[in-house]
Amino acid sequence: MNIAVCICQVPDLPSSVAVVDGALDLSRVAWVMNPYDEYAVEEAVRLKEQFPGSVVIALAAAPEAGKELLQKALAMGADRAVEVRSLPLQDSFQAAWVLAEAIRNIYGKELPELVLCGRESLDLQNGSVPAMLAGMLGMPFTGPVTALRSDGERLELEREADGGMECIDACYPLVISTEKGLNIPRKTGIRQIMEARKKSLEIISASVPPDPLVRLRSAELVLSRKSCCFAATPAELAGLLHQAGLFKTVQE
Amino acid sequence: MAYYLVFLEQRDGFISNVAVDVWNRVQQEATQSGDKVSGFVAGPLKPTALADLYGNGTIYHASDEALALPSSTVLCRILTTLVAEEACSDIVIGATVTGKRLAPCLAEALHASLLGGCTGGSLQSGLCRRYIYSGLVLAAYQPAAKIRIFLQGREQLRSAFMSPDRPHCVFFDAAPFFVPHDNLFIRSITAGDSRRSIAEANIIVAGGRGMGGKDQFVLLEELASLLGGGVGASRSAVDEGWRPHSDQIGQTGKSVAPDLYIACGISGAVQHLAGLSSARTVVAVNSDPHAPIFDAADYGIVGDVREVIPALIEEVKEVLEKK
């Protein structure tokens, strides 16, 4: 089975993000692999362990994609790690576009059976890339999944619904986005990281993507801090909330 | 002139609360500006399902039994065609789990600008202000494509739109959109229990590590049911196994926008606060007077949740009885 995993990186500490003259300044940011992508890599590696002979390729499309991101995917068990080098990507559409192009370049006509992506990147939280990528590859999409069982031909998936759970029967090919709860990503020790460093990182250059569909116009730091009104006793608190009209809707 | 298409999400034959909200909000804006509004709903409906929808416009109803639990692939195919045939300029979708899955499919298929989680602004301006980087940055996004898709949660004030008019419902033939070998089949939906999703709750009582254990959440259940709200949890409470992940509020959980949010034993890490940026009133109960949650709270009380909450329950009962 051929499995492609799309990974990206996010700021380790969001507080290191700065805004200068209405534009984002990410120069002081330390990057880590997007936590949702760790579930995707872990699930890919588990499938590879279940079905020997499978090949897992991790792709990262981010101009800042550091070596560490790709090496982490290799240390977790990916067979190959590919950096998709492009101009700065301005929206989810462009990100999905360069990933789709890279997947087509790597796999040719035989697209991978499975493409795994994290549910969303924790920095911008659009959660659009997996579904857009599926559309561009002409593959069906589902997610975010919290359980995945495969017998090699068919898949049983679970995903959260509003106020419940959906069970889905599916077959390959498929694009799946991964949710917390799907697995517990393995920790990578010194040995795995040293092994990963021996493997070569691949770079492919993306073409110039089509225009973005959404543009960032400006950004500002949020420094809002509410002034908390403290109550001394639960009775006083209940009184304050009542006065503020917060129980109005309760009996309606 | 804008032409809005509202996706009316159906579950068990009824239109979801979020979709009703979205419909009414779009109607309100469209009435002021003279814009046209249509709706689309897939799956069989109960006779009273459209009773909460007011205003002018057409609702396209694809009533096929097979669309009771539609895959986003089929919905995307239908809507892409409908939008093209009707020449809609704006599509508005409620930010539910289904809506969030559908919107990017549609944005890709239509080459449309997807704007989600907008906290301010009107549909007409198209400018979307939303929080990014754990709520620490407020960004303004601008659509660059002809067609725009708005993914709307409950971040914005609910509309009190009323009208003597009613939309009229027409049958939409979805048969051409079914593909014989659809490789995704939704087998079943198991409602965890009858509770509605916390993403829709108007009042949320949430607990964190300070609750001390799984059993203590009974207190929060009691307070929540008294107020007619839902129970949420912080990441640490979920990681401890005290609550399911579906209850988690914050960056790796849900973003919520209740009128009242009561945080119990939650210290207020920036990742948790990221899920609350749209809550209207925040109340914090914590034993540490320096906990960061108090900086994000409108009202606070310093004390042990296991003592404060039972007392608060009694006081709230008293207030409600007097009403």
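**Strands and helices of chain B**

Q: How do you know that strand 4 and strand 5 of chain B pair?
A: Strand 4 and strand 5 of chain B run parallel and are joined over five bridges. Two strands pair if DSSP finds at least two bridges between them, so these two strands qualify. Strands are DSSP runs of E with at least two residues, helices are runs of H or I with at least four, and both are numbered from the N terminus. This is a predicted model, in which local features need pLDDT of at least 70, side-chain atom pairs count only at pLDDT 80 or more, and totals for chains, interfaces and linings use all residues. Residues are numbered from 1 along each chain as its sequence is written, chains are lettered from A and ligands numbered from 1 in the order in which they are written, and side-chain values use heavy atoms, with hydrogens and water left out.

Q: Which residues stand opposite His61(B) of strand 5?
A: Val41(B) stands opposite His61(B), and so does Phe171(B) in strand 11 of chain B. Strand 11 (residues 168–171) is parallel to strand 5, with four bridges between them.

Q: What makes strand 5 of chain B mostly covered?
A: Five of its five residues are buried, where buried means under 20% relative accessible area, exposed over 50%, and partly exposed in between (1.4 Å probe, protein chains only). Thr58(B), Tyr60(B) and Ala62(B) point one way, while Ile59(B) and His61(B) point the other way. In a regular strand the side chains alternate between the two faces of the sheet.

Q: Why is Phe217(B) called buried?
A: Phe217(B) has a relative accessible area of 2%. The cut-off is under 20%, so Phe217(B) counts as buried. Phe217(B) lies in helix 4 (residues 217–227) of chain B. Leaving aside neighbours within four places in sequence, its contacts (heavy atoms within 4.5 Å) include Met211(B), Val231(B) and Trp242(B).

Q: How far does helix 2 of chain B reach, and what is expected?
A: Helix 2 (residues 72–86) has 15 residues and reaches 20 Å from its first C-alpha to its last, close to the expected 21 Å. Its buried residues include Val74(B), Leu75(B) and Ile78(B). What covers the buried residues of helix 2 includes strand 9 (141–150) of chain A and helix 3 (97–110) of chain B.

Q: Why does the radius of gyration of chain B agree with a compact globule?
A: The radius is taken over C-alpha atoms, and the globule rule is 2.2 Å times the number of residues to the power 0.38. For 323 residues the rule gives a value near 20 Å, and chain B has 21 Å, so the two agree. Buried residues make up 58% of the chain.

Notes: Expected span 1.5 Å × (residues − 1).
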